[in-house]
Amino acid sequence: MADKAQRVRGTQDIFGEEAARFESVVAAFDRVRRLYGFRTVHVPMFEFTEIFARSIGETTDVVSKEMYTFEDRGGESITLRPEFTAGISRAYLSNGWQQHAPLKLAAWGAAFRYERPQKGRYRQFHQLDAEIVGAAEPASDVEIIAFAHQLLSELGLGDKVVLQLNTVGDAETRTAWREALITYFSKVKGDLSAESQERLEKNPLRILDSKDERDKAFVADAPKIDAYLTAEAGGFFDKVQAGLTASGVPFVRTETLVRGLDYYRHTAFEFVTTYLGAQGTVLGGGRYDGLIEALGGAPTPAVGWAAGIERLSMLIEAPAAETVNVAVIPMGEAAEAAAMNVLGQLRASGIAAEQAWRGNMKKRMAKADAAGARFAVILGDDELAAGEATVKDLKSGEQKRVALSDLTNALK
Ligand code: ATP
Ligand code: MG
């Protein structure tokens with residue numbers, strides 16, 4: 001640690017306008033999830049490492065390079081959650097939530113990944129998360145994407161993001177397409193980036209996702225999944241697309257959008273923006289029908305998405321500053337006690353009120369103004385003797401005397 005108390009690289013102290021942005025993203029999420037009947041769930045911030053390794057997959061960047069893993073005092077290998085899906089799936093199994101299926105769940109909070117910090121990329125960041133567990137119907141894919149679309153629209157981002165949509169097919173489709181990709185990329189293996197050469201062995205679909213210029217030229221001409229779609233997988237994708245259209249959710253078919261792991265099925269989607277440089281994905285998700293099985297459960301279809309709260313916060317308009325309605329200004333010692341009584345009554349009846357603790361009348365009035373107060377309640381010796389307060393409308397400048405017993409009503 002340095003001399004001065006220092007923040008760990010990639011962490012954030014969120015305050016002021018940034019905090020207001022963050023809160024308004026979370027508030028919108030909470031509002032919209034109710035409209036879609038998603039129930040909140042709180043899962044632990046850490047799990048046994050195995051939960052993430054098995055469900056996210058050893059070959060992903062998240063598991064192979066980015067996890068915060070440590071041994072706890074009991075000698076267990078523990079990992080701070082890099083995302084929510086694994087923990088929610090584990091909870092579904094641990095608690096026997098099968099009885100409630102299909103279950104629509106919403107969660108938000110901190111997630112941890114050891115990455116190179118930059119704008120929109122942190123080591124402790126925050127996600128919104130939505131999952132539908134136990135539904136195989138394409139209508140559930142449509143619903144969870146419509147939820148995301150409405151959330152982004154309510155955040156004022158309708159024109160700043162584009163929904164990219166793809167299918168990765170069913171198991172049969174995937175096996176055939178995977179073979180075709182391996183054959184295609186093997187022929188040009190030597191010209192691919194080192195990372196993609198490695199992917200060719202472990203996780204060939206991920207080559208399609210490569211940001212490396214050497215790979216991009218080959219990716220453009222790689223075999224397309226549509227040639228390998230089974231009738232069932234094609235039918236599923238048709239229903240999702242028709243459902244989105246019926247729901248008024250515009251999308252762009254994006255054939256290079258893939259999910260590398262075997263248990264991903266059918267729908268894959270991302271909402272992307274051009275406003276955040278390389279950190280362009282604000283929300284991503286898809287169907288993961290094989291994941292719960294990978295954790296030792298019965299085959300359970302599921303679909304979900306996650307969004308970065310910081311990335312959304314950076315995109316939205318700054319929310320209006322928080323203000324209090326009333327500033328209480330006591331003048332003199334007797335008035336201090338009366339002010340506490342008045343503050344208690346105002347707050348108990350739902351009126352946001354504050355008092356400045358120090359300074360002369362002028363200073364305290366300035367403070368009331370800075371807090372954005374609409375009214376000042378002035379308590380001096382005169383007022384107290386009469387059992388009254390002076391209420392000043394800070395907008396119009398008008399002021400009048402009001403009986404203390406009438407104060408709450410007068411200010412409502
Ligand atoms: P990226 O390609 O940007 O690394 P990802 O594919 O790793 O994203 P997901 O695992 O799908 O991201 O996580 C869902 C969302 O969480 C992302 O779309 C993004 O908005 C956000 N996110 C992911 N990693 C970070 C991070 N390190 N800092 C801030 N937000 C993040
Ligand atoms: Mg990442």
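Reply:
**A close look at helix H5**

The crossing of H5 and H9 is right-handed, where right-handed means that the near helix is turned clockwise from the far one by less than a right angle, and left-handed that it is turned anticlockwise. This is a predicted model, in which local features need pLDDT of at least 70 and side-chain atom pairs count only at pLDDT 80 or more, while totals for chains, interfaces and linings use all residues. Residues are numbered from 1 along each chain as its sequence is written, chains are lettered from A and ligands numbered from 1 in the order written, and side-chain values use heavy atoms, without hydrogens and water.

H5 covers residues 138-154 and H9 residues 231-246; helices (H or I, at least four residues) and strands (E, at least two) are DSSP runs numbered from the N terminus. Their axes come within 9 Å and cross at roughly 40°; an axis is a line fitted to C-alpha atoms over the stretch in contact, and angles run from 0 to 180 degrees between N-to-C directions. H5 and H9 are therefore oblique to each other, the word for angles that are not under 35 degrees (roughly parallel), over 145 (roughly antiparallel) or 65 to 115 (roughly perpendicular).

H5 has another partner, helix H1 (residues 17-35), packed against it at about 140° with the axes 10 Å apart. That angle makes H1 oblique to H5. H1 also passes H5 in a right-handed crossing.

Now to ligand 1. Around it are 13 residues, with Arg113, Glu115, Arg121, Tyr122 and Arg311 the closest; a residue counts if one of its heavy atoms lies within 4 Å. A backbone N or O atom of Tyr122 lies 2.9 Å from a nitrogen atom of the ligand. Polar side-chain atoms reach its oxygen atoms too: Arg113 at 2.9 Å and Gln127 at 3.1 Å. Taken alone, ligand 1 exposes 580 Å², and the protein buries 80% of that (Shrake-Rupley areas, 1.4 Å probe). Strands S6 (124-133), S10 (281-287) and S11 (302-308) each give two or more residues to this shell, and S10 gives the largest share, three residues.

Finally, two backbone details. A cis peptide bond, with omega about -5°, joins Ala101 and Pro102, and Pro102 sits in the loop between helix H4 (85-94) and strand S5 (103-112). In strand S9 (residues 265-273) you will find His266, whose phi is positive, near 55°. Why point these out? Because most residues other than glycine have a negative phi, and most peptide bonds are trans.

Note on methods: A polar contact is a pair of N or O atoms within 3.5 Å; within protein, one must be able to donate a hydrogen and the other to accept it, and residues adjacent in sequence count only if both atoms are side-chain atoms.
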